[in-house]
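Subject: The structure we talked about

Hello,

Here is the structure I promised to pass on. Please have it open while you read, as my notes follow below.

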Amino acid sequence: EKFAMATVSSDKIVQGMTGEEIQAQGMPRFFGEIMASVMTAVGPKGVSFARYSIDYHLLRNYLHLIDEWGVETANTMVPKYGMDIVNKYMETNDQFRELVESIKAKR
């Protein structure tokens, strides 16, 4: 759960949705490869990786729906199993709630 939120909040697409300034250039390739190695060593594996990946992509896509069409439409476009995950994050994760509110305020 923490890994998924860390990825969502640092995602350049999400940063653009919240109105944050997006860096024109990322970190140097050498440092990126080091970070990838570290993340592979300490990050989730197996079923945990699958859960992380599903949560990350679902949350990012939900934020995109809010940004493009608003909360009401987003809530109808995401299937029930997806809304169960979104609702879990809304109830337990302040950072996710802040991202949602930031995108809603921008509309």
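First, a term for what follows: rings of Phe, Tyr and Trp (its six-membered ring) count as a pair if their centres lie within 6.5 Å. By that rule, six aromatic pairs turn up here. Please keep in mind that this is a predicted model.

One of those pairs is Tyr52 with Tyr56, with ring centres 6.3 Å apart and 10° between the planes. Planes under 30 degrees apart count as stacked, and this pair is stacked. Both tyrosines sit in helix α4, four residues apart, which is about one turn of the helix. Tyr52 is buried, at 17% relative accessible area, and Tyr56 is buried too, at 9%. A second pair joins Tyr62 and Phe96: the centres are 6.4 Å apart and the planes lie at 35°, so this one is tilted. Here the partners come from distant parts of the chain, with Tyr62 in helix α4 and Phe96 in helix α7, 34 residues apart. Tyr62 has a relative accessibility of 5% and counts as buried, while Phe96 is buried at 0%. There is also a cluster to look for, in which ring pairs link Phe3, Phe49, Tyr52 and Tyr56.

Now the overall picture. The chain has seven helices and zero strands. Its C-alpha trace spans about 45 × 35 × 20 Å along the principal axes. Of the 107 residues, 32% are buried. If you take the contacts between residues at least 6 apart in sequence, 72% of them join residues at least 24 apart.

In soluble globular proteins, nonpolar side chains tend to be buried together. In this model, the largest nonpolar core has 24 residues, and Val8, Tyr62, Leu63 and Phe96 have the most contacts inside it. At least two residues of this core come from each of α1 (2–10), α2 (12–17), α4 (47–69), α5 (71–77), α6 (80–92) and α7 (94–106). The largest share belongs to α4, with eight residues.

How do the helices cross? Two cases involve α6, starting with α6 and α7, whose axes come within 6 Å and cross at roughly 105°. These two helices are therefore roughly perpendicular to each other. On the α6 side, Val86, Tyr89, Met90, Glu91 and Thr92 take part, and they meet Asp94, Phe96, Arg97 and Val100 of α7. Sorted by class, that contact holds five nonpolar, one polar and three charged residues.

The other case is α4 with α6, which pack at about 85° with their axes 10 Å apart. That angle makes α4 roughly perpendicular to α6. From α4, the residues in contact are Ile54, Asp55, Leu58, Leu59 and Tyr62; from α6, they are Gly82, Met83, Ile85, Val86, Lys88 and Tyr89. This contact has eight nonpolar, one polar and two charged residues.

Best wishes

Notes:
Residues numbered from 1 in each chain as written. Predicted model: local features only at pLDDT ≥ 70, side-chain atom pairs only at ≥ 80, totals over all residues. Heavy atoms only, no water. Core = buried A, V, L, I, M, F, W, Y, C linked by side-chain atoms within 4.5 Å. Buried < 20%, exposed > 50% of the residue type's maximum accessible area, 1.4 Å probe, protein only. Axes fitted to C-alpha atoms, helices over the stretch in contact; angles between N-to-C directions. Parallel < 35°, antiparallel > 145°, perpendicular 65-115°, else oblique. Contact = heavy atoms within 4.5 Å. Nonpolar A, V, L, I, M, F, W, Y, C, P; charged D, E, K, R; others polar. Phe/Tyr/Trp six-rings, centres within 6.5 Å; stacked < 30°, edge-to-face > 60°.
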